[in-house]
Amino acid sequence: MAARAQHSGPAANGGGAPALLPLLLLLLSAAAIIPRGDGQNLVTEDVTVVEGDVATISCRVKNSDDSVIQLLNPNRQTIYFRDFRPLKDSRFQLVNFSNSELRVSLTNVSISDEGRYFCQLYTDPPQEIYTTITVLVPPRNLVIDIQKEIAVEGEEIELNCTAMASRPATTIRWFKGNKELTGKSEVEQWSDMYTVTSQLLLKVGREDDGVPVICLVDHPAVKDLQTQRYLEVMYKPQVRVSQNYPVQGLTREGEPLELTCAAFGKPQPTDMRWLRVDDEMPQHVVVSGSNLLISNLNKTDNGTYRCEASNAVGKSHADYMLFVYDTTATTEPAVHGFTQLPNSAEELDYGDLSDSRAGRYFARHKGTYFTHEAKGADDAADADTAIINAEGGQNNSEEKKEYFI
């Protein structure tokens with residue numbers, strides 16, 4: 001009697017295992033040797049989850065006969081037997097339990113949780129089916145390294161974008177502004193993680209200055225992950241000459257001429273000067289900074305005037321061809337001077353200046369083509385004769401000249 005009282009006391013006081021425990025332990029021991037069935041009455045789905053999020057596993061019975069459902073981890077340890085949790089991992093919580101479903105959540109998922117989880121149904125014969133948990137890990141960091149912080153126009157620079165410690169390996173895409181570019185990627189594996197580095201070779205021009213280069217990540221665990229660097233490109237000056245006075249008028253003898261030179265570059269040009277091509281600058285020409293002023297034009301001023309500008313990258317220039325007309329000239333020239341691009345060897349396109357009444361010849365001057373047209377040159381036998389006739393020939397009729405420059 002005393003022995004029976006000693007044996008029944010703890011159970012009555014709640015200090016020992018419940019009466020169901022021996023049966024439960026017997027079933028758990030048997031679970032390890034239950035062969036896999038075809039799962040014909042069990043339904044589950046694979047689970048893909050981002051590291052740190054919640055995974056939900058559902059074991060469902062299509063035609064329930066009140067058989068016992070249990071869920072096991074990849075090590076074949078029982079997570080839940082019906083609504084009882086033998087496993088001491090509190091991250092597993094019961095979401096739903098009935099005769100037809102056992103649904104369990106796993107919080108704060110890590111890579112170590114990845115693997116096959118088994119749903120078992122105690123029928124005769126027993127049935128089993130598994131679900132796979134796949135854990136995604138977004139890149140830990142995304143960094144662009146640029147070979148040169150400041151590049152010079154025409155240089156090829158190297159940029160590297162690194163996405164660290166992701167799973168699966170990241171796909172890296174490059175953009176310059178809105179244009180997608182092609183880089184070359186390398187993948188390194190460390191344990192279960194992948195580090196991807198993509199290299200981009202980019203030849204830069206002045207139009208790239210201030211443009212963002214974007215490194216963008218394609219990865220199932222993250223959206224809109226990107227980083228960018230702004231390009232800084234130095235380039236030689238762009239030079240432009242404009243005629244302030246006379247405004248779209250003839251440059252006549254005795255009248256003033258004012259030209260302005262504008263230069264833009266990176267760095268901003270600090271050295272700007274005027275000169276006369278193939279001749280000395282007339283003594284009465286006044287140069288003040290970027291302006292050139294001739295207060296009283298005469299025909300000895302005819303010629304090409306050049307504005308040169310330079311910075312740390314290089315030197316560029318623009319030319320203005322001056323032709324001084326008689327005071328009696330009234331016909332307006334179609335073009336009266338020009339602006340030259342930094343590459344002085346380029347042929348400039350003046351559009352359609354054709355005239356059925358005009359003769360035409362092209363004279364190449366220091367790598368640049370100038371177009372002259374003169375009325376009264378229709379009957380000239382060749383280009384040189386046309387110019388002689390255009391300048392008056394034996395009639396010395398200056399008022400007939402019209403130049404397209």
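Modeller: Strand β3 and strand β7 (residues 101-106) run antiparallel and are joined by 6 bridges. Within that pairing, Ala55 has Leu106 of β7 as its bridge partner. This is a predicted model, in which local features need pLDDT of at least 70 and side-chain atom pairs count only at pLDDT 80 or more, whereas totals for chains, interfaces and linings use all residues. Residues are numbered from 1 along each chain as its sequence is written, and side-chain values use heavy atoms, with hydrogens and water left out.

Strand β3 covers residues 55-61; strands here are DSSP runs of E with at least two residues, numbered from the N terminus. Strand β1 (residues 42-43) is also joined to β3, by 2 bridges, and the two run antiparallel. Two strands are taken to pair if DSSP finds at least two bridges between them. Strand β3 is mostly covered, with 5 of its 7 residues buried (buried is under 20% relative accessible area, exposed over 50% and partly exposed in between, with a 1.4 Å probe and protein chains only).

The loop between β2 (47-50) and β3 holds Glu51, and the loop between β9 and β10 (141-146) holds Arg140, 89 residues apart. The side chains of Glu51 and Arg140 meet in a salt bridge, at 3.0 Å from N to O (a salt bridge is a side-chain nitrogen of Lys or Arg within 4 Å of a carboxyl oxygen of Asp or Glu). Glu51 is partly exposed, at 26% relative accessibility, whereas Arg140 is exposed, at 51%.

Asp113 pairs with Arg91, and their closest N and O atoms are 2.8 Å apart. Because Arg91 lies in the loop between β5 (78-81) and β6 (92-97) and Asp113 in the loop between β7 and β8, the pair ties together parts that are 22 residues apart in sequence. Asp113 is buried, with a relative accessible area of 7%, while Arg91 is partly exposed, at 22%. In the whole structure, 19 salt bridges are found.

The structure has 3 aromatic pairs, counted where ring centres of Phe, Tyr or Trp (its six-membered ring) lie within 6.5 Å, with planes under 30 degrees apart called stacked, over 60 edge-to-face and the rest tilted. The ring centres of Phe118 and Tyr130 are 6.3 Å apart and their planes stand at 65°, so this pair is edge-to-face. Phe118 belongs to strand β8 (residues 115-121) and Tyr130 to strand β9 (residues 127-136), so that the pair links distant parts of the chain, 12 residues apart. Phe118 is buried, at 8% relative accessibility, and Tyr130 is partly exposed, at 27%.

Both rings also carry an arginine. Arg76 lies over the face of Phe118, at 3.9 Å from the ring centre, and Arg116 lies over the face of Tyr130, at 4.0 Å from the ring centre. A charge sits over a ring if NZ of Lys or CZ of Arg is within 6 Å of the ring centre and within 35 degrees of the ring normal.

Definitions and conventions:
Helices (H or I, at least four residues) and strands (E, at least two) are DSSP runs, numbered from the N terminus.
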